[in-house]
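Reader: Could you walk me through reading a ligand site, going from the definitions to the actual case?
Author: Gladly; here is the structure to look at.

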Amino acid sequence: MVSLKSVGKVYKYKMQEINALKAIDLEVNQGEFWAINGRSGSGKTTMLLTIGAMLQPSYGEVKIRHRNIYTLNDKERTNFRKENIGFIFQMFYLIPYLNVTENIMIHQQLRSDGNYVSAMRSLTEQLGLEHRLLHRPSELSAGEKQRVALARAMLKKPELILADEPTGNLDEENSRQVLQYLQDYTKSGGTVIMVTHDRSANEYATNTMNISN
Ligand code: ADP
Ligand code: MG
């Protein structure tokens with residue numbers, strides 16, 4: 001499903017070279033839930049962005065479904081990402097002036113795409129958001145915000161969800177919930193790659209790995 005062969009990233013910063021990610025190998029199969037651990041600065045976000053078709057590695061090869069994503073041109077790669085990958089971040093990244101429904105449907109040009117309305121409704125019920133549909137992000141708890149971000153990532157049922165410290169801003173109870181939803185997603189055939197410095201998340205994963213640079 002996802003294959004990294006000796007993937008690395010060297011950032012050029014002023015006169016310096018920063019080895020953010022060093023020669024990572026990874027093989028992820030469909031239905032697996034990966035927790036990738038590393039301390040702050042170990043290259044977790046860099047790794048996730050390269051898997052997510054958002055950051056070209058300096059060397060190595062990233063394949064998703066046997067497709068070498070960095071041989072696609074920009075437009076093809078953007079389309080590939082939109083079709084196949086959902087993202088969840090520590091900071092949620094919801095649009096402040098849109099309500100819950102609109103945030104979840106953001107990639108479907110808001111309400112213009114009726115096909116996703118019923119999927120949105122069942123997701124919000126499943127995630128316990130059905131009574132918050134007209135709230136804006138500032139009117140939600142942190143746990144609710146992350147569940148909105150989950151619904152947004154899951155709406156298209158992408159085969160791959162990438163999560164960058166998804167529990168970083170949540171208390172224990174909300175962290176457990178989010179991890180449980182991610183685990184449920186993999187049990188129904190999705191694939192999740194999560195990077196986190198929170199080792200207690202490992203117990204939800206099928207596979208774990210440590211990275212350092
Ligand atoms: P993590 O997510 O594990 O905290 P990052 O992948 O964000 O780590 O960063 C890895 C290293 O690369 C850090 O030392 C960071 O300062 C550096 N870094 C990250 N992004 C850039 C960038 N765009 N330019 C230069 N250095 C960067
Ligand atoms: Mg990070």
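The dialogue below goes through the ligand shell and then a helix.

Author: This is a predicted model, in which local features need pLDDT of at least 70, side-chain atom pairs count only at pLDDT 80 or more, and totals for chains, interfaces and linings use all residues. Residues are numbered from 1 along each chain as its sequence is written, chains are lettered from A and ligands numbered from 1 in the order in which they are written, and side-chain values use heavy atoms, with hydrogens and water left out.

Reader: Which residues surround ligand 1?

Author: A residue is near a molecule if one of its heavy atoms lies within 4 Å of it. Here the shell includes Tyr-11, Ile-18, Ala-20 and Arg-39, and also Ser-40 to Thr-46.

Reader: Which element gives the most to the shell?

Author: Helices are DSSP runs (H or I, at least four residues). Helix 1 gives the most, with three residues.

Reader: Why is helix 1 called largely enclosed?

Author: Buried means under 20% relative accessible area (1.4 Å probe, protein chains only). Six of the eight residues of helix 1 are buried, so the rest of the structure largely encloses it; among them are Lys-44, Met-47 and Ile-51.

Technical notes: Helices (H or I, at least four residues) and strands (E, at least two) are DSSP runs, numbered from the N terminus. Buried means under 20% relative accessible area, exposed over 50%, partly exposed in between (1.4 Å probe, protein chains only).
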